[in-house]
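Hi everyone, thanks for coming.

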Amino acid sequence: MQVRKRQDKQLISIVIPLYNEVESLPELYDQIKEVVKTNRYNYEIIFVDDGSTDGSLDVLKKIRQNDKNVKIISFRRNYGKSAALAIGFEYAKGDVVITMDADLQDDPHEIPNLLKKLNEGFDLVSGWKKKRYDPLTKTIPSRIFNFVVSTLSGIKIHDFNCGLKAYKKSVTQDIKVYGELHRYLPVLAHWAGYKIGEIVVQHHPRKYGKTKFGVSRFLKGFLDLLTVMFTTRYFKRPLHLFGTVGLAVFLLGFGITFYLSLLKLIENISLSNRPLFILGVMLTIVGVQF
């Protein structure tokens, strides 16, 4: 009975960024309401409207009229998911913050499972959409992305970009989300010293609207990965990155020029018409610059 009392007092903030999801919102709210009522959670729902143009804001206002625990943050234009999460984290008052997408592909009934895993001693718990209902054009790049990020970051989770996550408040207050770095929140939290966990979550086919996934995400995702790796691993020791690259390039260039110099001395072979010699000199200079 004492455990139930502590759970009732814990405030849970559910942060939902959205863009043009007018058809999904009533059903999403009903599902969340069912979960929090069944589990007797003390909750707040923060909808962050990222510049929707389809009437999503009007639907949210109607929902808020009947539930004082619903809060709305509205952007005048579309700023992206990272900006929506950042402002949601800033305004969340809960001891625990739950994030999910608004397209009904994330299942609100996973909230108790996320909280249970979080209470095992983790600071951030990420969902893993083990069985996905997305087209191959989205699932295959996602698998490659997750493999690369897991390998480079050293975090052994399967789905970095899953919208369903649970955070302790200290995590959301500590890490800074900007640009397109929402994909790397587990990485940022891990390198800040927090403990990361993962659970398998239910994934649903998209019921309304269309995906916001675009080809440009590949390039942005790669550039953001470089940003995260630099800011987390090399921000205070940049020469460890640039020095390693520079040394490798310099040694390659030096090896080429040394080899050609031996040919000149031993066999008297002219170097003026050897493109390899120009490459060796260029690599040596570039290596020194790095």
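**Two loops, some strands, a helix and two spaces**

Let's start with Arg40, which sits in the loop between α2 (25-38) and β2 (42-49). Quick note on names: helices (H or I, at least four residues) and strands (E, at least two) are DSSP runs, numbered from the N terminus. Before I go on, this is a predicted model, where local features need pLDDT of at least 70, side-chain atom pairs count only at pLDDT 80 or more, and totals for chains, interfaces and linings use all residues. Residues are numbered from 1 along each chain as its sequence is written, and side-chain values use heavy atoms, with hydrogens and water left out.

So what is the phi of Arg40 near? The value is near 55 degrees, which is positive, in a residue other than glycine. Most residues other than glycine have a negative phi. Arg40 is partly exposed, at a relative accessible area of 48%. The cut-offs here: buried is under 20% relative accessible area, exposed is over 50%, and partly exposed is in between, with a 1.4 Å probe and protein chains only.

Leu104 is another non-glycine with a positive phi, about 70 degrees. You'll find Leu104 in the loop between β4 and α5 (111-118). Is Leu104 buried or exposed? Buried, with a relative accessible area of 7%.

Now the strands. We call two strands paired if DSSP finds at least two bridges between them. Strand β6 (residues 165-168) runs antiparallel to β4 (residues 96-99), and four bridges join them. In that pair, Val96 stands opposite Lys168. Strand β5 (residues 124-128) is also antiparallel to β6, with three bridges, and there Val125 faces Ala166.

On to helix α11 (residues 275-289). How far should its 15 residues span? At 1.5 Å a residue, 21 Å, and the end C-alpha atoms are 21 Å apart, so that agrees; the expected span is 1.5 Å times one less than the number of residues. Gly280, Leu283, Thr284 and Gly287 of α11 are buried. Looking down the axis of α11, those buried residues fall within an arc of 100 degrees, so they line one face of the helix; the arc is taken from the directions from the helix axis to the C-beta atoms. Over on the other side of α11, Pro275, Ile278 and Gln289 are exposed.

On a 1 Å grid over the protein atoms alone, a cavity is a set of points where a 1.4 Å probe fits but cannot get out, while a pocket is an open set with protein on both sides within 12 Å along at least five of seven lines; lining residues have an atom within 4 Å of a point. Grid points are joined across faces, edges and corners, and a volume is the space filled by probe spheres set on the points.

The second largest pocket holds about 280 Å³. Its lining has 14 residues, with Trp128, Lys129, Arg143, Asn146 and His158 nearest the centre. Which helix gives the largest share of that lining? That's α6 (residues 136-153), with six residues.

As for cavities, there is one of 30 Å³ or more. The largest cavity has a volume of about 70 Å³, and 13 residues line it, including Lys81 and Cys162. The elements giving two or more residues to this lining are α4 (81-91) and our β6 again.
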